[in-house]
Amino acid sequence: MTTVPAGAISKRDNVVVFDTTMRDGEQSPGASMSLEEKLELAKILEEMGVDVIEAGFPIASNGDFEAVRQIAELITESTVCGLARAAAGDIDRCAEAVRRAKRGRIHTFISTSPVHMKYKLQMEPDAVLEAITRSVSHARNLVGDVEWSAEDATRTERDFLKRCVEAAIKAGATTINLPDTVGYSYPSEYGELFRDVITSVPGADKAIFSAHCHNDLGLAVANSIAAIEGGARQVEVAINGIGERAGNAALEEIVMALRVRGDHLPYGTSVDPVHITRASRYVSAITGFPVQFNKAIVGKNAFAHESGIHQDGMLKNAETYEIMKPEDVGQGATNLVMGKHSGRHAFREKLKALGYELGQNALNDAFGRFKELADKKKHVFDDDIVALVDDALARGSEKIRVSRLRVVAGTDGQSAELTLDIDGVPSTAEATGDGPVDAVFNAIHKIVPHSAALRLFQVHAVTEGTDAQAQVQVDPVRQACRPAVAVRTHARFEGGSSRIAERRGV
Ligand code: KIV
Ligand code: ZN
């Protein structure tokens, strides 16, 4: 295998990894994350070696502001960044959120393409140029690290884009981002854009150029790599490739492409890929977005071999059909079979192999529930254990817990008996409904009156077999100006133990 070790690549060719899972990623419809989940994710990203964590858009909501502020206080190794439009109020709020960061960054942006300037901003190009100088200078007066983005750069008239970039650098921007906002570009075109701008804009050597690619044509990763070849030294990425519409370039794919094809792509990152699988599973668990089975690097089938010919080759030498090792990205290599006779030590080792290091309390909790599961289930697969642990981690934010649920669904009607523990106090209700889900929601409504309406209900089996564990995502819509409950629920319906992991805005 030709994987190039990270240490063999000179500093000059290091690519800054800028993770936007919590900002652009959270902009995917239905992907909202709670404050506690964001804090946990920030720790995983920092441990992984991500250079810049874009933690939110502080002016967008108090929740986003608080997430950026608390992450800025918590994280010491990575730069913590907030997004701001080219307006003083946005930039001030962002500066306030990153104020306590050891390394803080303001990321300010404005659209530069004709279609965005005319219809979205309703501004003339000269006014946009002035706004760039004003906003970047204002941000630079507040922090030393300022990124400026030309939204819709790939559909921007080239000479105007160059004038904008020059103005941003003159005003003090230290990173210049040229996003393919609508996922319209293709690799050779996007690479050439960077080559041209970097070689012709006066002062370009004073800034790091950044690629931010959307996946509308499935080209986000290829475009980002072409940008690196064209001179970009920062890539804006998201775990599992989540983000607006078809998503952003996937962190795990770019990091591994640079490592595995170091022979042709001699660029390093500071990301330790062994944390990739854990980060991917955590993001999937907290957003409720399943990872497609054949997803590169992190999909369940990414290292699975089904055909006899492939299996035979693999048994003779793994390099016959694998270009990287599953252990490199934190997928357990050996499959220790876990069951009811397994002890705490084996369980801890298993967790380590799966990329988890739990504190004593979380370990005890997960081990107790593993034993309960092993009593009920003949085979406890790795995915069962991952589901158990993700569930335990998500418990930190739990306010309402389902302690008992009995649903009757038959041709003569549907009903539910439900007991919820609210802040530890049990409360029981019975209700009927048009189907079992409706009956459960009517019972919830009796215990916790609210005005939420159900927008999404989906169940994904996360392990194998007819006795599989499933993750249930319930995504109610909040009604304006009225109290709401349960923005997202992850529940495990297995042997009657379901739970509501999170309640917000009550
Ligand atoms: O896609 C985009 O252009 C963005 C900017 C705000 C950087 O997300
Ligand atoms: Zn974007």
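Donors to a metal are N, O and S atoms within 2.8 Å of it (3.2 Å for Na, K and Ca); water is not among the atoms, so sites may look incomplete. In this structure, D24, H212 and H214 coordinate the zinc ion (ligand 2). The model is predicted: local features need pLDDT of at least 70, side-chain atom pairs count only at pLDDT 80 or more, and totals for chains, interfaces and linings use all residues. Residues are numbered from 1 along each chain as its sequence is written, chains are lettered from A and ligands numbered from 1 in the order in which they are written, and side-chain values use heavy atoms, with hydrogens and water left out.

**Zinc site**
- The donor atoms are OD of D24, NE2 of H212 and NE2 of H214, at 2.0 to 2.1 Å from the zinc ion (ligand 2).
- Along the sequence, the donor residues follow the spacing D-x187-H-x1-H.
- D24 and H214 link distant parts of the chain, 190 residues apart.
- D24 lies in the loop between β1 (16-19) and α1, and H214 in the loop between β7 (208-212) and α8 (220-229).
- Helices (H or I, at least four residues) and strands (E, at least two) are DSSP runs, numbered from the N terminus.
- D24 has a relative accessible area of 2%, so it is buried.
- H214 is buried too, at 4%.
- Buried means under 20% relative accessible area, exposed over 50%, and partly exposed in between (1.4 Å probe, protein chains only).

**Helix pair α1 and α2**
- Helix α1 (residues 35-48) packs with helix α2 (residues 62-74) at an angle of about 35°, and their axes are 10 Å apart.
- Axes are lines fitted to C-alpha atoms, for helices over the stretch in contact; angles run from 0 to 180 degrees between N-to-C directions.
- From α1, L35, K38, L39, A42 and K43 meet D64, E66, A67, Q70, I71 and L74 of α2.
- Contact means heavy atoms within 4.5 Å.
- The residues of this contact divide into 6 nonpolar, 1 polar and 4 charged.

**Cysteines**
- C164 is buried because its relative accessibility is 0%.
- C213 is also buried, with a relative accessible area of 0%.

**Around V274**
- V274 sits in the loop between α9 (251-260) and α10 (276-287).
- V274 is partly exposed, with a relative accessible area of 35%.
- Not counting residues up to four places away in sequence, V274 touches E327, D328, V329 and G330.
- V274 and G355 are 81 residues apart in sequence, and 7.4 Å apart in space, C-alpha to C-alpha.

Definitions and conventions: Nonpolar A, V, L, I, M, F, W, Y, C, P; charged D, E, K, R; others polar.
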